[in-house]
Amino acid sequence: MAAPLTLLLIVAVTIRAALFRSSLAELIAERVEVVSPITAWKRVVEGLALLDLGVSPYSGDVFHETPLIIYMFHFLVDYAEITFMVSLNKNIILKHFVVEFRKQKFALEADRYPMDSLELIRSPKEMYYIPLKVAMFYLLNPFTILSCVAKSTCGLNNAVLALFFLSTIKGNVLLSAIFLCLATYQSIYPITLCAPAMLYFMQRQYIPVNFRRVSFWWFIVQYLFMYLGSLFVLICLSFFLLGSWDYLPSVYGFILSVPDLTPNIGLFWYFFAEMFEHFRLFFLCVFQINVFFYTIPLSIKLKEHPVFLMFMQLAVISIFKSYPTVGDVALYLAFLPVWSHLHRFLRNIFLVSCVLLACSVLFPVLWHLWIYAGSANSNFYYAITLLFNVAQILLVSDYFYAFLRREHHLTNGLYLKRKDGSEATLILK
Amino acid sequence: HHQCVNGWMTGCVKRFGVLKRYTNTGHLPFKNSAGQFFSSGHTNNWAVLVCTSRFWFNYRHVANTLSVYRSVKRLGIPDSHIVLMLADDMACNHRNPKPATVFSHKNMELNVYGDDVEVDYRGYEVTVENFLRVLTGRLPPSTPRSKRLLSDDRSNILIYLTGHGGNGFLKFQDSEEISNVELADAFEQMWQKRRYNELLFIIDTCQGASMYERFYSPNIMALASSQVGEDSLSHQPDLAIGVHLMDRYTFYMLEFLEDIHPASKTNMNDLFKVCPKSQCVSTPGHRTDLFLRDPGSVLITDFFGSVRKVELTMDAINLTDPIKQMEENPVNGEEQKEVYSYADQLPVSEIIHQKPKQKDWHPPDGFILGLWTLILLVFFKTYGIKHLKHIF
């Protein structure tokens, strides 16, 4: 496993190094699909320059990243490319480990199910290649390559999230809370990953998920204490770094109130560009609640499968966050091979992949037509954005359906029969 | 393209329109039409043709405007008297499979673009503000003549608008609108400034009749392609070009105008009958209550053509009063000029020569200490104290 992984790493690093040195790097760094006002490298450099001039980097609407990023890049700005590649590779190694630990879970499950659904369970042989596939999906995904070449801080966010996954699956509560806190500190949305993390730990420690049990609440209190404590520490540290609380409205206020309406691949910009001031707050709340809203129902449904819940939650964040980029999309796409056993139940693969491919190609085309050629307008670009998000949602819901269907088959057998013995079909109502 | 000079009518008309002298040139039958000839009080013709939509799929609006331009030019109005406003360039659009052409018929029978089209306002210059300024004449002094409507009180003006419209408005460029009230007020300004003798207003948009509802100035006749609540429909798509080429009303109007030549006697009543509901699907409307003459006596060429009245006279006229030469003012001696010099507002030279202060920001020491202590704490908590001996 080490050799193919190393080979893959070398290939990925070569591709990125080649693109870094070519003239495409500036082109990619300006694309709105790849960088957003939060993650753009140009803004990080601006922020550092402002700091060198003695001005707070958060003055003016330039820099929207957290102070810890300032700290990190203050010393690493000349080695930025290497930093991003290193974080990327760390990402991969972490995912690799994540998947390895997932294998254990399958072994546990095998005993519980009736005979004919054994073919649904994956054999260790099949699962041997999954870590490599995950690594490949992430490293060679054009979205990640673009994101890395653009030096978008989304890559760092992904790395922290991968660390969070690793620590969760390894069972380390403290580290998991800390990394989740770091991820939340950078962009608010990963807070919803608390729920799957807690569910996972409870499963591992055999705490039943029951509202009346004391152990359940006690564990939640512990985890939240660690999480909120580290968040508090981080925020205070950031205050000490720059000596002011400027960063709170600039980072969190920016993410939540969406003042910048530069087009991106998300759903916020067009809607809020045509919104009347009177209704802005209302719709802002509606859109932001949309991200957090799916946590509770999904947790209730998937309380026995927290890892899948993490995947779903991650996908929901990537689709509905206020400034998504293709780097966020790449993160959850990388996890798809982990559920390759659901392949036989997926219904819309062809449609989704065609739409995603077509939209990815059409994004730059319609941008050019709108901004440079002037023969299209923002509606064209928004249509493609909508379609891209619809395709993503379809992908996520398809995987959800396939997962639930597999669970159903595992408990009820693969070939379902009606009462009179004839073959039955499952319908999703 | 024959010129508009007609040599077959003579006469010398006094102010109050009475026929004073009538030189016999042998065209006696035209005596009957003499009255008709002098019934309109205009001496020159202008046309303002506006297409308000951009984007490739609005090809038909540009084709509409260019068809009317073509007819108007063919019937004699010169380019200097036509203000053509096209909001987008279809002939040279990337998507035009036949570049430098704009067709108005399926199978590309009629290229209305030709090679002598003069567009006065193009692309983003076609705005509501510019349109109203052209109509009222309030243009900045630097505007060239070709962009001005230099009409006077003996001008008959044809105004043709096409694009996307609604009940009471016409959309310009997908970003702004002109309302019927504004248009009516602009025409009133024109009337008060004596900028027209008679005005023919034609509009080919959805719910076009709403645009002429508010007119209140005299001597305006208006035609529209559809009533309020109706949509004007397009005529035929061309599969080779991929878009609809013309709107129905203008298509049938063009067909009607192709039969007109400068000597035609067709009058406005025939124009009102163009494109009945069976052909147009929408009901074309017209408004003649503000017009002083009877529409039956108004010739099509009064607005669409530039039929000039020419007097042929055999008499010699004496020009008395020679023109006096004005004496030039003697040039004064060179005035004393004070020597002025430019004073710097900013002390530029000081700024340039000043070296920038190298102030490098460093994170505060307390922060670094605190951060690394925390990281170490977490590390040891997770992995246990026993690893210490591996580090030291």
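Predicted model: local features only at pLDDT ≥ 70, side-chain atom pairs only at ≥ 80, totals over all residues.
Mentor: Local features here need pLDDT of at least 70, side-chain atom pairs count only at pLDDT 80 or more, and totals for chains, interfaces and linings use all residues; side-chain values use heavy atoms, without hydrogens and water, residues are numbered from 1 along each chain, and chains are lettered from A in the order in which they are written.

Trainee: What makes strand β4 of chain B mostly covered?

Mentor: Buried means under 20% relative accessible area, exposed over 50% and partly exposed in between, with a 1.4 Å probe and protein chains only; five of the five residues of β4(B), residues 82–86, are buried. Strands are DSSP runs of E with at least two residues, and helices are runs of H or I with at least four, numbered from the N terminus.

Trainee: How do you know that β3(B) and β4(B) pair?

Mentor: Two strands pair if DSSP finds at least two bridges between them, and β3(B), residues 44–51, joins β4(B) in the parallel sense over five bridges. The chain crosses from β3(B) through helix α2(B), residues 59–74, to β4(B) in a right-handed β-α-β crossover, a term used if, with the strands pointing away from the viewer, the path from the first strand over the helix to the second runs clockwise. β4(B) also pairs in the parallel sense with β5(B), residues 121–122, over two bridges, with Leu86(B) standing opposite Arg122(B).

Trainee: Why is the pair of Asp260(A) and Arg43(A) called a salt bridge?

Mentor: The term requires a side-chain nitrogen of Lys or Arg within 4 Å of a carboxyl oxygen of Asp or Glu, and the closest N and O atoms of Asp260(A) and Arg43(A) are 3.8 Å apart. Asp260(A) lies in the loop between α13 and α14 of chain A and Arg43(A) in helix α3 of chain A, so the pair ties together parts that are 217 residues apart in sequence.

Trainee: Why does Asp289(B) count as exposed?

Mentor: Asp289(B) counts as exposed because its relative accessibility is 56%, whereas Arg287(B), at 15%, counts as buried; the two form a salt bridge with N and O atoms 2.9 Å apart.
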